[in-house]
Amino acid sequence: FARMFIQVCLYFYCKCLWRCLKFVVRKLTGQCELQRICYNTKPGAARTMKIEASLKGSKSKRLQTSVNVHPDAIEKTIDDIMELKRINPDINPQLGVSLQACLLQIVGYRNLIAEVEKLRREPYDSENPQHEEMLLKLWKCLKPNSPLKARISKQWCEIGFQGDDPKTDFRGMGLLGLYNLVYFAEWDTEIAQQVLTDSLHPKYREVTKKELSQLSKAEWEKKKFDKAIGYSFAIVGINITDLAYNLLVSGALKTHFYNVAPEAPTLTHFQQTFCYLMHEFHKFWIDEDPLDIMEFNRVREKFYKRILRQLQNPEMALCPHFAASESLINM
């Protein structure tokens, strides 16, 4: 009880102290916190995340709710913020532009979560012509020289589905898994086909001299006869969709999106991120060189933690280097 009481007192003390410090700094600099952030922090995740924290932590309800407005109401919201903070827009024209860009990213991220969630919750329907068309497009992009003999066929196992009918594999991620796989296969066709080939005929990772020196004779004998392990391309794609979804919903992808999307991040940004994660996971799988497919969850968790660590850097962008992502690089 005593510890809890002390923590509560410290919380209120720090909160009051922080507000007092903000008041003193404003009087000394003649600038509010939003102005100081925009003027002293370069555009990108660092600035947008500070603006977001400042608005959410404000004692003003109008500022707190500004991060939840409709995109069409952002301009009016900026005017309200300037009025509330007694900032002359004629003297500070760049401030309004900077705040608008930040709010577009903040509101866009929230809307992207809603859009992704909607796709995730929509089940695959084999009676829906659009769903069926997308599924067939996935096959054509990945196996252009091998016609699909029937809609229900063991051929689907060739691209990593578990059975004769892929619709059963989309249960976990709904249409989102299919959307991502089709995007990868359609826009990064060469890389997707290569990853598929490697997953069916995995490459063995060479043992470095350092690793060799650390292996015992028994371990080396086992390693000599060990075979590289492949994986089911489509199933892993759905699994990486789940990983990307968790990164998005947890807010971890804010760092990446706020650094690469000059305004509101869109579903295309999310799908391009999926392409990056698929390619990186493939390389990571080869480097990890698991003994069997039962190690998949361990490798996936290790990969997930690595991406999380990267995204903790406010200057981090997941550096898309695919053809589908060139538009991001040029922005």
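These legends go with a few close-up views of a predicted model.

Local features need pLDDT of at least 70 and side-chain atom pairs count only at pLDDT 80 or more, while totals for chains, interfaces and linings use all residues. Residues are numbered from 1 along each chain as its sequence is written, and side-chain values use heavy atoms, with hydrogens and water left out.

**View 1. The largest nonpolar core.** This core has 84 residues; a nonpolar core is a set of buried Ala, Val, Leu, Ile, Met, Phe, Trp, Tyr and Cys residues joined through side-chain atoms within 4.5 Å. Buried here means under 20% relative accessible area, with a 1.4 Å probe and protein chains only. Helix α6 (residues 93–121) gives the most to the core, with 11 residues; helices are DSSP runs of H or I, at least four residues, numbered from the N terminus.

**View 2. Around Leu 247.** Leu 247 is among the residues with the most contacts inside the core. Leaving aside residues up to four places away in sequence, Leu 247 touches Tyr 109, Leu 277 and Tyr 304, among others (contact: heavy atoms within 4.5 Å).

**View 3. Helix α8, mostly covered.** Of the 14 residues in α8 (174–187), 11 are buried, including Leu 178, Tyr 183 and Phe 184. The buried residues of α8 pack against α6, α7 (129–142), α9 (189–200), α12 (233–250) and α14 (267–288).

View 4. The structure holds 0 disulfides, a disulfide being a pair of cysteine sulfur atoms within 2.5 Å. Cys 38 has its closest cysteine sulfur in Cys 102, 5.4 Å away, so that's too far for a bond. Cys 38 counts as buried, at 5% relative accessibility.

Notes:
Buried < 20%, exposed > 50% of the residue type's maximum accessible area, 1.4 Å probe, protein only. Helix = DSSP H or I, 4+ residues; strand = E, 2+ residues; numbered from the N terminus. Expected span 1.5 Å × (residues − 1).
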